[in-house]
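Open the model in your viewer and keep the selection tool at hand.

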Amino acid sequence: MMSLSRLAAPALASLLTLAAPAALAGAQIYEPLSASVQAALNKAISDQAAPFLAFKTEEEARAWLTVMSARLAKRMPDRVAREEFLVTVHYEAKRAGLDPQLVLSLIQVESAFRKYAVSSAGARGYMQVMPFWVKLIGGNSGHNLFHLRTNLRYGCVILRHYLDIENGDLFRALGRYNGSLGRAPYPNSVLQAWTSHWSYQAR
């Protein structure tokens, strides 16, 4: 397992945001959670370890980062910020038991990679997280959903939660994430982005 946290360099510039509108940004729907689920989700967002790329070798990690960086370059022209973003996506996705390419696909559809995107329902940031989640599973933490890692941490934990609720049914979990359960356009858009642009096979 190789740590490439240094690859993103210290004191990185703020990520460049784009003017393109979010395609199918929606809103997670508030549902009361049992105390045990709240506790588990709170624990899931509390890790403070530095993000890193988890691969068997540094060569594999660099290969993934090179490919994904090239695909994202038009949307995030700043290389250093782009690599910081990708390292964080990979870490948070893997930590939640998700495919990093799936998370990139969801971000593309939800926010078009805009850090400060806000939906009409008030969902925020790259993964369009609804503010009620901060109080529901973050306590009174005051977490800023426009912060890169905070947004990705919440988004990945929430998607994992919905996958668990739906017993691994990704289509239904994506519908829950977007607040459009039972309707096909959003899940299909994420899955299409995954297969057409973000799929990755290690060499």
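This is a predicted model. Start with the aromatic rings: the count comes to eight aromatic pairs.

Select Phe85 and Phe113. Their rings form an edge-to-face pair, 5.9 Å centre to centre with 75° between the planes. Phe85 lies in helix α3, and Phe113 sits in the loop between α4 (100-111) and α5 (132-138), so the pair ties together parts that are 28 residues apart in sequence. Both Phe85 and Phe113 are buried.

Now check burial. Phe85 has a relative accessible area of 0%. Tyr126 comes to 1%, which also counts as buried because the cut-off is under 20%.

Phe85, Phe113, Tyr126 and Trp198 form one aromatic cluster.

Next, show helix α2 (residues 58-72) with helix α3 (residues 79-95). They pack at an angle of about 120°, and their axes are 10 Å apart. That angle makes α2 oblique to α3. The crossing of the two helices is right-handed.

Which residues make the contact? On α2, select Trp64, Leu65, Met68, Ser69 and Leu72. On α3, select Arg82, Glu83, Phe85, Leu86, Val87 and His90. Colour them by class: seven residues are nonpolar, two polar and two charged. Phe85 belongs to this helix contact and also to the aromatic cluster.

How values were computed
Residues numbered from 1 in each chain as written. Predicted model: local features only at pLDDT ≥ 70, side-chain atom pairs only at ≥ 80, totals over all residues. Heavy atoms only, no water. Axes fitted to C-alpha atoms, helices over the stretch in contact; angles between N-to-C directions. Helix = DSSP H or I, 4+ residues; strand = E, 2+ residues; numbered from the N terminus. Parallel < 35°, antiparallel > 145°, perpendicular 65-115°, else oblique. Left-handed = near helix turned anticlockwise from the far one by under 90°. Contact = heavy atoms within 4.5 Å. Nonpolar A, V, L, I, M, F, W, Y, C, P; charged D, E, K, R; others polar. Phe/Tyr/Trp six-rings, centres within 6.5 Å; stacked < 30°, edge-to-face > 60°. Buried < 20%, exposed > 50% of the residue type's maximum accessible area, 1.4 Å probe, protein only.
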